[in-house]
Every structure is written in structure tokens, then in C-alpha cells.
Amino acid sequence: TATPGAHAPASARSAQLFDRASAVIPGGVNSPVRAFGSVGGTPRFIASARGCTLTDVDGNDYVDLICSWGPMILGHAHPAVVDAVQRAATGGLSFGAPTESEIELAETIVDRVASVEKVRLVNSGTEATMSAVRLARGFTGRTKIVKFAGCYHGHVDALLAEAGSGLATFGLPTSPGVTGAQSSDTLVLPYNDLAAVEQAFAAHPGEIACVITEAAAGNMGAVPPLPGFNEGLRRLCTDHGALLIMDEVMTGFRVSRSGWYGLDGVAGDLTTFGKVMSGGLPAAAFGGRADVMNHLAPAGPVYQAGTLSGNPVAVAAGLASLKAADQSVYDALERNAATLGTLLGDALHAAGVRHQVQFAGTMVSVFFADRPVTNYAEAKASDTWRYPAFFHTLLSRGVYAPPSAFEAWFVSAALDDAAFDRIAQAVPAAAAAAAA
Ligand code: PLP
């Protein structure tokens, strides 16, 4: 096991596995950002994880500041979640028939998020947003949708235009394979720009089915909505008969027990969830107004389905996670995000690097910029070229930050004093590397 502060931890076994993976898996990974493409170097293959610590196949330990890109707010291998998963698995892995625990998970979501009256469980955030958009079109009988540049809603064809996350990481405006027909009904507007939304409604009267937005953007880095932005979207959608889809896949059950809705109280007609509510297994959901949700099959005409939807093991993991996520967990997330932000900001300040430490609730980002970043154009204009050295210096000192300048950092409640000591020891060198 590497000692904190050690330089250039061995990565021979990871390198070997990456070669082997690349022979049979495109790019060697099953989701692009994992490949370290924009920061260079060898992606670490993970052998196990516990609490706030990831252990790779070469035996190096890292303080985990990704949390599986959001889900693991309790830390890894939380005993209550592992126990629930084991018990569920013993009872059978999948039935293709309804179970009581699905109701419990739906009730838990409805109980936590007052804007949600009915819920459908799916397997990924992508499915949640794809289905929510279809439902919005089916419900309104309209075709056009509005999304914001730098927001990522999964790899749904119609939602890939100027998306954040991996597309931002790799500098892609959209994806080959998305046809003009699939994207021509998508209007892409600047985030935090209500005037642009007003103009879109004026230019396309009676045509816009929905506006989909990250409740707070996390996929171009953490970029919170400016005061009044979400409220303005709510008002414009209501005025023009469009649905507002609040994508809380990232923020849901992380930034508060009720997600971003718990912070600003702006109700989507539909809301999408994933990540935290899955406990780390493949589960996600979308929900909202009962009159809209009742348009879904079999209650209504809009088709949506899934062989593994509501899978008993995934549902058990999600339920156990949400049960364990009491106020003390949310208090710890607040504290840990604040401490992380202070450590990052102090080190970058001391090194004389222009920077912004930004928060969207308890999601944290570092932008190498002079002024707060409020949209994708500003995120792209920051000194992203500083990020690879910053990232690798942290990694070599046992701190695992996102391998992309355009991703939020995720804390868990499991971060302890030893983890913060390690981060505190690593950030000055990382800041110096970013300054170079
Ligand atoms: N929506 C948001 C806001 C996300 O952050 C993500 C994934 O990062 C998704 C949707 C897609 O979720 P999934 O990766 O589970 O398909």
C-alpha cells in the first residue's frame, strides 16, 4: 500500500489491464471519462473500495473524490447497504413481476421530494431523461425540446447536443450517429440565460414540449443556477404550456435529503433521479405530477418499459442507502465539501494560480478562471490546460479527483481526518504543478 505523499505510485498492473481491456473494449473502458483521455496517463483499475478509500490493482490507496460519479454519499461498501444487497440477492435476482420493495422505494422518493407524486423506476439516468422527454412530448403533443449547453442528461440522442460531461471532456459538439432528424427538434441555449429561453418560446409558439435542465449543473463542472434562473424557467414553462424537467440525477438526494428541490423549492413537472437513489447499483427513476405520469403505459398511451426495471437487488441497495442517509449524513457532506473547497482554494491562492472554487450545493469544482463560471462558454474559456498536472500530482499523492476539468468533485460522508490530512498534504504540490 502506498504511503501518503508517495510519488509516482506503481501502475504496472493497471497498465497491463488497460492494454488487455483495449483489445476487447473500445478505448479500454465502459464509459469514456474513465480512460483518462484528457489528463493522460494510465487509468487506475480498481480492485476494491471501502469508506472513502479506493484501492487499485497495484495496491495503491486513494482518497476518493469521485464517489462513482455521485452515488456513494455514504462511502463504499457501507455495511447496511451491503447487508441489504446480500439479503435481497439471496431471495432471487430478478422476477419480471412487481415486488413490495419497489413500492417502498417509490414511496421514499415521493416522501422526500414533494413535487413528485408518482414514480417509474428505470435502470440508468439516461433512461430516466429519455423517458421523461418522451412523456413530455406525449403529454403535450408537441415536438421541440429546450436544453442548455454544458448540461448533460445521459447519452440520449436528442440530448447530446453541446452536452457536458464526456463530450465536454473530449471537446465534442455532439456525436456522429445522431441524425439531423433526432437533433433538429432540440434547441440548445446558454445556461443561466432566461432571455434566451423567452426568445425560444416566442420564436416557437405552441411547439416546445419541455425545457430540461440540470437542477444545478454539475457536468461542465459545478455551476449553480443564478438566483431566479430555475424560478424563471418554472414561470416560462407554465406560461407557455411546456413541461419543466428537473434533472436531479446528480443533485438528487446528494445536495439535500430532497435534492436541489430541497434547496430552491422549484418544482419540475417531471424530475429525473439516479446515482444516490441507486446505492451504487443500476437503478434510476423519473417522476412528477400524477396527471402527467398517468400518461405512461399501462395507465396511459406513452410507452416505457424495462426487463430489469425495479430490480430487487438494485432497489434494496437504493432503499438501504436512502434509509441510512439521515440528516447527520447531509451535515457531513456539507462539512466535507466546505473543507475540501477551503483546502483547494487556499493552496491555489498560495501558489498564485487564478482560480474559482465553485459549489453547487455539496458538489465542488475548481475552475482556473478569474471570475465565477456561470455557463459552458465560460467553463471552456478557463485555463483547462492547467488541470492535467493538477490532477496527476493529486493522484500521485493518493488523492483521486475527477480525470477531467469539466466534472464536479463528489465528497462522501465517509471522508475522515486521515483523508483530509492526505488531501491537505497533496494540494500544495498540485497547486504548484498547476501554476507551472
Ligand atoms: N443526468 C445527469 C444530470 C447526469 O449527471 C447523468 C450522468 O452523469 C445522467 C443524466 C445520465 O445518467 P447515467 O450515466 O446513469 O445514464
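Which hand does the crossing of α12 and α15 have, left or right? The crossing of α12 and α15 is right-handed, and point 6 comes back to this pair. Here are my notes, colleague to colleague.

1. Ground rules. This is a predicted model, in which local features need pLDDT of at least 70 and side-chain atom pairs count only at pLDDT 80 or more, while totals for chains, interfaces and linings use all residues. Residues are numbered from 1 along each chain as its sequence is written. The helices (H or I, at least four residues) and strands (E, at least two) are DSSP runs, numbered from the N terminus.

2. The seven-stranded sheet. Seven strands line up as β4-β10-β9-β8-β7-β5-β6 in an open sheet with mixed pairing; two strands pair if DSSP finds at least two bridges between them. At the edges stand β4 and β6 (186–189), each of which pairs on one side only. From one strand to the next, the twist averages 20°. Angles here run from 0 to 180 degrees between N-to-C directions, and axes are lines fitted to C-alpha atoms, for helices over the stretch in contact. Within this sheet, strand β7 (residues 208–214) and strand β8 (residues 243–247) are parallel and share five bridges, with E214 having D247 as its bridge partner in β8. Helix α4 (residues 125–140) lies across β4, β5 (144–148), β7, β8, β9 and β10, and runs at about 165° to β9.

3. Strand β10. Do have a look at this strand. Strand β10 (residues 284–288) is largely enclosed by the rest of the structure, because five of its five residues are buried. Buried means that 20 or more other C-beta atoms lie within 10 Å of the residue's own (12 or fewer is exposed, in between is partly exposed, and C-beta atoms are placed from the backbone). A284, F286 and G288 point one way and A285 and G287 the other, all of them buried. Strand β4 (residues 118–122) runs antiparallel to β10 and is joined to it by five bridges, with A285 as the bridge partner of L121. Strand β9 (residues 270–273) is also antiparallel to β10, through four bridges, and T271 stands opposite G287.

4. The three-stranded sheet. Another open sheet has the order β11-β12-β14, with antiparallel pairing. Its edges are β11 (356–360) and β14 (409–410), each with a single partner strand, so one side of each has no neighbour in the sheet. Helix α12 (residues 327–350) packs on this sheet and touches β11, β12 and β14, its direction making about 165° with that of β11.

5. Strand β12 and its partners. Five antiparallel bridges join β11 to strand β12 (residues 363–367); A360 stands opposite M363, and Q358 has S365 as its bridge partner. Two residues lie between the strands of the β11 and β12 hairpin, where G361 takes a positive phi near 60°. On the β14 side, two bridges make an antiparallel pair with β12, and M363 stands opposite F410.

6. Helices α12 and α15. These two pack at an angle of about 35°, with their axes 8 Å apart. As for the opening question, right-handed means that the near helix is turned clockwise from the far one by less than a right angle, and left-handed means anticlockwise. From α12 the contact includes T339, L340 and L343, and from α15 it includes F420, I423 and A424; residues are in contact if their C-beta atoms, placed from the backbone, lie within 7 Å. By class, this contact has 14 nonpolar, one polar and no charged residues. Ala, Val, Leu, Ile, Met, Phe, Trp, Tyr, Cys and Pro count as nonpolar, Asp, Glu, Lys and Arg as charged, and the others, Gly among them, as polar.

7. Helices α14 and α15. The axes of helix α14 (residues 387–396) and helix α15 (residues 417–435) come within 8 Å and cross at roughly 155°.

Methods:
Two residues are in contact if their C-beta atoms, placed from the backbone, lie within 7 Å.
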